[in-house]
Amino acid sequence: MSSSEKYRILLIEPSEIIASGFRAVVSKSTDFEIVNTLSNLSYYTPAQAHCDIIVINPAVINYNERFDIRSYFLSDDEDICIVALTNSGYEENVMRQYDGCINIYDNTARIFQKLHTAIEEAKQSPKNELNELSTRERDILVAVAKGKTNKEIADEYNISVYTVISHRRNISRKLGINSIPGLTVYAIMNKLIDISDFN
Amino acid sequence: MSDNTLYSDRMKMAELVAADGNLLSILQRLGIELGFGEATVADVCARYGLSKSLFLVICNIYSFRHYAPAMDSLDKNDIVHIINYLRVSHKYYKEVCFPGIHNKIHKLVEGLDDINRRLIDKFYDDYDNEVNNHFYFEENVVFPYIDSLFNAVFAGENEFSIVKFEENHSNIGEKLNDLKNILIKYLPEKYSSPMRFEILKEICAMENELRKHSLIENKLLVPLVQNLENSYE
């Protein structure tokens, strides 16, 4: 990126006060500029997707869609960087969809640092990783396919339930398979478990 | 047509369909016959007793990936039209789309070894049941509930609310996505066949269809019904 070019930000924030404040902060930056501000998603159109970063207050996302924010924005441009702007906590599996999270109490330097980190994070999106399952992931996949609960798996491998959930999420992302029956089919097709385990 | 121009009621119906052939299936399930000449969207909707604002919102949802409907174009009288649309869509899925996929799956598994045949067969049958239960629940519990709410015969017992519907709303797109990836990636290469490609094309189209369908449920129907529920409190 040349010095004359700035990262373009689309801001989606319902509070006029917070939006103005954020615009004032970003106006001091040599690396970022706000190209548009929306108060909610009703006004969002594909043309606005031509930005590098979407900074959005997660509260504008419908509650029942909170796990799938990317489907709002992504089409061909999967590299778009989405950053939350918030002052309250959200569930981990909601927040992990964002490439970064700016708290409204963050100072200017911290905000710029977070935006830069988020740009890097978005570039290293999961689609670039090697999608082979690790040995541990394969073990956990087999246990899941055999119908074991997260708690049982955690006890068996002496890890926390949280770690099991995190492994399962990675497995599903790598394989593109989410349901337990789907994982079972995968495990049998790849001879990780026997058809007799399948009922 | 530019990517940013949404449809309007003064456009000719023919222009919409020419712009996006996917809209044909919406016309079909709503019973709109072809041969409408130069009639506008407003004309055609009036002739069929459809809500033109809802019709446009639905077409925009189908054609524009990033379109987020502005709720002020719809009001509670559209609820009946939305339910009608959802019902005719279910009928279309049950009578046309899923049987089409099922028939092809049936042909595909004929060529598989015993293990893979059992795997795919069982996965699809379970999925099929899940889909039917899902539609059955909506048609026999959710829609009648909304009807009673709308017709003000609601007894106020609050056993059910649309929020519960949201919570119980199983994601029937997820398993279809699993099946898609299994057929794309994991059923062994030796079983690649024209039929496998055909199934995948239909699954991809169906996935897209279900995405739009749940968008209509979650973004249009649920908020309107919530407003209606609140008006009783």
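Mentor: Two residues are in contact if their C-beta atoms, placed from the backbone, lie within 7 Å. Keep that in mind for this predicted model.

Trainee: Among contacts in chain B between residues at least 6 apart in sequence, what share joins residues at least 24 apart?

Mentor: That share is 74%.

Trainee: How do you know which kinds of element chain B has?

Mentor: Count them: 9 helices and 0 strands. Along the sequence the pattern reads α-α-α-α-α-α-α-α-α. Of the 233 residues in chain B, 26% are buried.

Trainee: Which residues of α4(B) are buried?

Mentor: They are Leu54(B), Phe55(B), Leu56(B), Val57(B), Ile58(B), Cys59(B), Ile61(B) and Tyr62(B). To be called buried, a residue needs 20 or more other C-beta atoms within 10 Å of its own. The buried residues of α4(B) pack against α1, α2, α3, α5 and α9 of chain B.

Trainee: How do you know that the span of α4(B) agrees with its 12 residues?

Mentor: The expected span is 1.5 Å times one less than the number of residues. For α4(B) that gives 16 Å, and its end C-alpha atoms are 16 Å apart, so the two agree.

Trainee: What is the angle between α4 and α5 of chain B?

Mentor: It is about 50 degrees, with the axes 10 Å apart. Angles from 65 to 115 would be roughly perpendicular, and those under 35 roughly parallel. The crossing is right-handed.

Trainee: Which residues meet there, α4(B) against α5(B)?

Mentor: From α4(B) come Ser53(B), Leu54(B) and Ile58(B). From α5(B) come Asp78(B), His81(B), Ile82(B) and Tyr85(B). By class, this contact has 4 nonpolar, 2 polar and 1 charged.

Trainee: Now α5. What makes Asn84(B) partly exposed?

Mentor: Asn84(B) lies in helix α5 of chain B. It has 16 C-beta neighbours inside 10 Å. Buried needs 20 or more, and exposed needs 12 or fewer. The count falls in between, so Asn84(B) is partly exposed. Its C-alpha atom is 9.8 Å from that of Leu50(B), 34 residues apart along the chain.

Trainee: Why is Asn103(B) called exposed?

Mentor: Asn103(B) is also in helix α5 of chain B. Its count is 11 C-beta neighbours inside 10 Å. The cut-off is 12 or fewer, so Asn103(B) is exposed. The C-alpha atoms of Asn103(B) and Ile199(B) are separated by 9.4 Å, at 96 residues apart along the chain.

Trainee: Why is α8(B) called roughly antiparallel to α9(B)?

Mentor: The axes cross at roughly 155 degrees and come within 10 Å. Angles over 145 count as roughly antiparallel, so the label holds for α8(B) and α9(B). This crossing is left-handed. Residues of α8(B) in the contact include Leu176(B), Leu183(B) and Ile184(B), and those of α9(B) include Ile199(B), Ile203(B) and Leu210(B).

Trainee: Which element gives the largest share of the side of chain B that touches chain A?

Mentor: α8(B) does, with 7 residues. The contact takes 24 residues from chain B and 24 residues from chain A. α6, α8 and α9 of chain B each give two or more residues to that side. Its residues are 9 nonpolar, 6 polar and 9 charged.

Technical notes: Residues numbered from 1 in each chain as written. Chains lettered and ligands numbered in written order. Predicted model: local features only at pLDDT ≥ 70, side-chain atom pairs only at ≥ 80, totals over all residues. Helix = DSSP H or I, 4+ residues; strand = E, 2+ residues; numbered from the N terminus. Nonpolar A, V, L, I, M, F, W, Y, C, P; charged D, E, K, R; others polar. Axes fitted to C-alpha atoms, helices over the stretch in contact; angles between N-to-C directions. Left-handed = near helix turned anticlockwise from the far one by under 90°.
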